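Here are my notes for someone opening this one for the first time. Have a look at the picture, then go through the points in order.

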Amino acid sequence: MAGAADLEAPPPGAGEPISEAEALRRLRQSEDQSLQYYAAWWLGRMRSRHPDAVPLLQAALRQRQPRNPAAGVEHNAVARNAARALGKLGDPRAVDDLLAALEDNDDGLREAAVRALGDLRATAAVAPICRRLASGLTGAGAPQANSPKLQEPCEALLEALGDIGLAEDPVLRVIEPFLNHDRPLIRSAAGRALLMLTGDPRWANDLLSLLAHPQLQVRRAALMDLGAVGWRPALEPICRTLAENSLKLIALRGLLEHGQGEPDDEAILAAMDALL
Amino acid sequence: MPEVLTTAALIAALEHADSSAALLTATQALAAAAGDDQAAITTLVQVLGFNNPGAAVAAVDGLIAIGPAAVDPLLHNLDVHNYGARAWAVRALAGIGDVRGLELLEQALGDDIGASVRRAAARGLGQLQLLGLEGPLREAVIERCLQALEAGGGDDEWVVRYAVVVGLESLARTMEGDADQLQRTYSALSQLAAEAGEPTPVVRLRASLALRRLP
């Protein structure tokens, strides 16, 4: 569901608005990483077209830094934001550096990199993503010791496979086991990917049933996933879901912009009007 | 006076609700029984600040059904620090459509930091009840709505611009042959229907639909 709701929000401590030139200057220096962190976010958010933006973000993506809990800094904070920004800028030159980041030991960086590779529709990422997921529920999908995380950032890896769109049998076979994961968010990501890749209605049922899940967080994820797929038969179930109208509106926008067929555009627009 | 006792009992039930489901049921029951009971209306306004979407929807529906009697309690009990509550209150005022809410809707669309608040305000500015208003006053209210919506067409969030389109379409239907106002409405909608003026496909589609539907 990431990439949907409020990920566009500025990072903590963002400060006042800056110019593109100032963002590039901050990213170019390396003494103050918090300035680089904000600059990387800014260039992605503003969809910078400056010729220096991508090369500077690629350099930032190669930076490594330890986690600093005292300063509230996450592991490889600058590199993670650079990966996210490169996904937004849509320049295929970034693919090789992102593929390298996908092999990093930091799973947070792998997650940011794979989301960006999904944004870039990078077919070169399909094989390494499948390799990471191939160990299935007991490998990639098993919980880490003493952490809420899984061994691999499965949700992001699955979503990226759907976004990239290579609908080959081996890819589908890697995704399918995750429909039975213990965690509903992982099931939702797997359903989203299979539905995107095949358009086969049988994969929609799991997503539709998650719209009625007792946890709000799961209902929100299923909304975002159905919207990302553009699954128009979900119109009525989405409208009935107990969740914020803001999220339903984003999901319905997805049905309209990514989907086709019935219900038609006017039916979706009428449903959106009723949610304002 | 059994009705008074009933309302008081429903308020007590709502205040003691210990789950989302119980709160939703209690809110629906109170909304159905509230009538113009001030304590009941005030309690429904408070529900808007409970951070419980299900109950808030029920409270908004109830407040809209109560209508003009709910306007003062809504205007005077807005929690300025709770943006969820503000969004629900603006939705209720938008749904009631009483012109006493005009200033709040203008402010909300222009200044509020919450996109969901600006969104509700834009929709509300298109659906104020103008029936009882005389010529010049009526035109002045429409003018204020139109100016607020014209400015709202430049909002940063697609969903607010979408709501501006919906607001402009319904506002246009209240304009009784004022050529200048109609012209400005078409001009704002045309801008939101064109790729040069509007980056988001769903907003352009909605604006095109509005232009097709208007005379």
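1. The centres of domain 1 of chain B and domain 2 of chain B, taken over C-alpha atoms, are 28 Å apart. Domain 1 covers 1-93 and domain 2 covers 97-215, with bounds that come from an automatic or database domain assignment.

2. Before going on, a word on the ground rules. This is a predicted model, where local features need pLDDT of at least 70 and side-chain atom pairs count only at pLDDT 80 or more, while totals for chains, interfaces and linings use all residues. Residues are numbered from 1 along each chain as its sequence is written, chains are lettered from A and ligands numbered from 1 in the order in which they are written, and side-chain values use heavy atoms, with hydrogens and water left out.

3. How do the two domains of chain B meet? Eleven residues of domain 1 of chain B are in contact with 13 residues of domain 2 of chain B, contact meaning heavy atoms within 4.5 Å. About 1,100 Å² is buried between these domains, and carbon and sulfur atoms give 66% of that. Buried area here is the accessible area (1.4 Å probe) that two parts lose on being put together, summed over both.

4. Charged and polar pairs cross that domain boundary too. The rule finds two salt bridges between domain 1 and domain 2 of chain B, a salt bridge being a side-chain nitrogen of Lys or Arg within 4 Å of a carboxyl oxygen of Asp or Glu. There are also three residue pairs in polar contact across the interface of domain 1 and domain 2 of chain B (both at pLDDT 80 or more). A polar contact is a pair of N or O atoms within 3.5 Å; within protein, one must be able to donate a hydrogen and the other to accept it, and residues adjacent in sequence count only if both atoms are side-chain atoms.

5. Which elements make up the domain 1 side? On the side of domain 1 of chain B that touches domain 2 of chain B, α5 (71-76) and α6 (83-96) of chain B each supply at least two residues. The most comes from α6(B), with six residues. Helices (H or I, at least four residues) and strands (E, at least two) are DSSP runs, numbered from the N terminus. By class, this side of domain 1 has eight nonpolar, no polar and three charged residues. Ala, Val, Leu, Ile, Met, Phe, Trp, Tyr, Cys and Pro count as nonpolar, Asp, Glu, Lys and Arg as charged, and the others, Gly among them, as polar.

6. Over all chains, the salt-bridge count comes to 34. One of them pairs Glu152(A) with Arg110(A), at 3.3 Å, N to O. Glu152(A) sits in the loop between α7 (126-133) and α8 (154-164) of chain A and Arg110(A) in helix α6 (residues 107-119) of chain A, so the pair ties together parts that are 42 residues apart in sequence. Glu152(A) is buried, at 12% relative accessible area, and Arg110(A) is buried as well, at 7%. (Buried is under 20% relative accessible area, exposed over 50%, partly exposed in between; 1.4 Å probe, protein chains only.)

7. In chain B, Glu176(B) and Arg138(B) form a salt bridge of 3.4 Å, N to O. Glu176(B) is in the loop between α10 (158-172) and α11 (179-193) of chain B and Arg138(B) in helix α9 (residues 135-152) of chain B, 38 residues apart.

8. Now for the chain interface. Here 15 residues of chain A are in contact with 17 residues of chain B, and the two chains bury about 1,600 Å² between them, 63% of it on carbon and sulfur atoms. The rule finds two salt bridges across the interface of chain A and chain B. Asp273(A) pairs with Arg206(B), the closest N and O atoms being 2.8 Å apart. Asp273(A) and Arg206(B) also belong to a salt-bridge network with Glu169(B), Arg173(B) and Arg213(B).

9. Finally, zoom in on Leu249(A), which lies in helix α14 of chain A and is buried at 0% relative accessibility. Leaving aside neighbours within four places in sequence, Leu249(A) is in contact with residues of both chains, including Met272(A), Leu275(A), Arg119(B) and Trp158(B).
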